[in-house]
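Trainee: Could we go through this structure together, beginning with the chain as a whole and then turning to its rings and a ligand?

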Amino acid sequence: MIQTRTPGRELPMLDLIATGPAVASRVPAGPADERLTEYLPETRALPRFHVWTLGCQMNRSDSEEMAGRLLAAGCEEAPSLDVAELIVINTCAIREGAEQKVIGRQGQLARLKAANPGLRIVLTGCSVREPDRAGLRRRYPAVDLFLRPDEEPELVDRLGLASAHAPIGAVGATTTVGRTVVGAADRLAGTRAQAVGSGTVARGSAISAWLPIIYGCDKTCTYCIVPFSRGPERSRPFDDILDEARTLAAAGYREVTLLGQNVNSYGHDLAPEPRFAHVAGARWAGRQLDLAGRPDLAELIRAIEDLRTSDGRPAIGRLRFVTSHPWDLSDRLISALADCESVCEHLHLPVQSGSDPVLRRMGRQYTIGHYLERLARIREAVPGIAISTDIIVGFCGETEAQFEESLALLETVRYDQVFAAAYSPRPGTPATRLADDVPAADKRRRLNTLLAIQERIGLERNQAWLGREVEVLVDAVNAPRPHGHEDGALDPASAGASRLSGRTRSNKLVHLTGDPSLVGQAVTVQIAHAGPYALRGALVGA
Ligand code: 5AD
Ligand code: SF4
């Protein structure tokens with residue numbers, strides 16, 4: 001199926017606001033020692049905060065960490081931006097449109113500040129990149145504090161909130177309240193481990209969790225702002241990730257998504273260790289990453305798969321990972337996908353274009369031949385695996401014939417889902433030295449043509465599920481729709497039941513009717529209706 005960047009997509013770097021499933025309640029952490037309660041300042045003295053998150057899962061994960069730090073410092077969450085005393089905007093810079101969403105809200109934010117002079121606004125995420133501060137102040141005049149993504153752990157310190165809350169201990173650059181670390185000028189891997197260890201990550205869902213494994217990106221895709229905003233690749237230590245996975249399993253999480261701009265690079269920057277001596281000297285030929293004695297993504301996936309419940313099942317039933325760069329997709333990883341029952345039968349493999357010359361200009365490193373070879377291997381190893389991708393139309397110099405190669409690729413691969421966007425030049429990226437010579441009207445037309453073709457393919461792919469029984473992890477209760485709005489009318493026998501939705505292991509969105517208590521459970525659904533973007537079915541045995 002196909003869509004432009006719409007809510008619910010599961011990919012990095014896009015311009016949407018999270019629509020997470022069931023939101024776990026975010027309660028401010030109490031003091032470590034109850035006797036200290038009476039010494040705490042009035043909670044009213046601390047700002048009520050609201051985090052506005054745009055973009056990818058990495059941003060959503062980062063926002064959970066920031067919200068957790070603010071809660072740990074004693075702040076409460078405000079129900080909306082309008083009534084907050086502290087607004088944290090976690091931005092996305094992947095396309096101009098994503099940045100404009102926030103730039104366009106500066107007037108509203110200035111009005112809120114005029115009405116409440118105590119209001120403070122922090123802007124972080126990928127729009128904050130050096131050397132850009134003067135420009136930032138011009139574009140975001142309502143903002144008081146800019147933090148780069150790697151400075152996010154300093155949020156509480158930089159706002160002076162930690163000092164509003166006793167007792168405070170400073171350990172090097174790390175600030176603690178009670179026994180809880182609330183601020184640190186440390187490497188992200190270290191601060192993440194501390195946040196997880198002290199239980200302060202305010203996860204937005206009690207069912208599915210994000211688990212960052214590598215920060216930054218070493219690729220040089222010419223259109224992409226991410227290497228400039230998020231810096232070079234830094235892998236989290238293997239054991240920290242396993243600890244976080246164990247914590248998530250113990251907390252009852254059913255699904256974990258390993259996150260990174262390019263998860264396939266995981267481990268190349270870690271120190272070699274004897275226990276990883278069996279990892280091959282060089283992985284897939286891509287960058288000939290030296291992995292001798294270092295863990296890779298395959299190793300990590302197998303270790304998470306090996307975490308078991310007392311009855312021997314994988315402790316985390318569904319394991320996903322995004323995003324994979326096709327050039328670094330190793331045979332070792334493909335074998336791990338095939339061997340590990342917890343790994344979901346879905347792979348997001350961004351192709352960006354179906355034309356080799358365009359891929360060359362994009363700096364993508366692979367050819368379509370390589371991409372298709374990898375795909376064939378994956379499909380052989382994991383029959384029926386769902387494949388999704390990202391495509392950019394109208395990149396610099398893309399001819400009509402080159403665009404048609406992208407269309408042809410859709411027919412060849414028959415993706416389950418495509419996230420397509422028109423090329424948007426990003427200041428400071430190498431592609432700005434190429435002419436952005438595809439007229440806007442042509443970009444729009446190409447996008448619509450591609451979307452229409454993929455809509456048909458997505459529908460056909462989904463129709464293959466008709467009549468089949470699938471496992472759906474229910475993650476949302478949806479608001480009732482006006483009568484007749486839906487293609488599948490509710491069964492009268494289930495009147496009173498709610499509209500629920502969830503995902504199959506292959507990441508298909510499935511609507512069903514049932515009791516809200518099913519949220520968080522994996523249920524069996526027989527598929528009765530297929531649309532281009534979602535399936536509908538009935539609970540088996542209900
Ligand atoms: N213009 C349009 N799309 C872009 N993407 C990244 N940079 C740009 C850009 N400058 C898309 C790519 C990437 C996805 C997350 O966003 O397709 O895979
Ligand atoms: Fe951007 Fe390419 Fe890195 Fe993805 S792999 S974040 S598209 S530079």
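Predicted model: local features only at pLDDT ≥ 70, side-chain atom pairs only at ≥ 80, totals over all residues.

Mentor: Residues are numbered from 1 along each chain as its sequence is written, chains are lettered from A and ligands numbered from 1 in the order in which they are written, and side-chain values use heavy atoms, with hydrogens and water left out.

Trainee: How many helices and strands are there in the chain?

Mentor: Helices (H or I, at least four residues) and strands (E, at least two) are taken as DSSP runs and numbered from the N terminus. Counted in this way, the chain has 14 helices and 21 strands.

Trainee: What percentage of the 542 residues in the chain is buried?

Mentor: A residue is called buried at under 20% relative accessible area, exposed at over 50% and partly exposed in between, with a 1.4 Å probe and protein chains only. Of the 542 residues in the chain, the buried ones make up 56%.

Trainee: Why is the pair of tyrosine 223 and phenylalanine 395 given its class?

Mentor: Rings of Phe, Tyr and Trp (its six-membered ring) pair if their centres lie within 6.5 Å, and planes under 30 degrees apart count as stacked, over 60 as edge-to-face and the rest as tilted; the count by this rule is 5 aromatic pairs. In the pair of tyrosine 223 and phenylalanine 395, the centres are 6.2 Å apart and the planes stand at 80°, so the pair is edge-to-face.

Trainee: How many residues apart are tyrosine 223 and phenylalanine 395?

Mentor: Both tyrosine 223 and phenylalanine 395 are buried. Tyrosine 223 lies in the loop between β10 (214-215) and α7 (226-230), phenylalanine 395 in the loop between β15 (386-393) and α13 (400-413), and the pair links distant parts of the chain, 172 residues apart.

Trainee: Over which ring does the charged end of arginine 468 sit?

Mentor: A charge sits over a ring if NZ of Lys or CZ of Arg is within 6 Å of the ring centre and within 35 degrees of the ring normal. The charged end of arginine 468 is 4.0 Å from the centre of the ring over which it sits, that of tryptophan 465.

Trainee: Which residues are around ligand 2?

Mentor: A residue is near a molecule if one of its heavy atoms lies within 4 Å of it. Around ligand 2 are Cys217, Lys219, Cys221, Tyr223, Cys224, Val226, Pro227, Gln261, His325 and Arg364.
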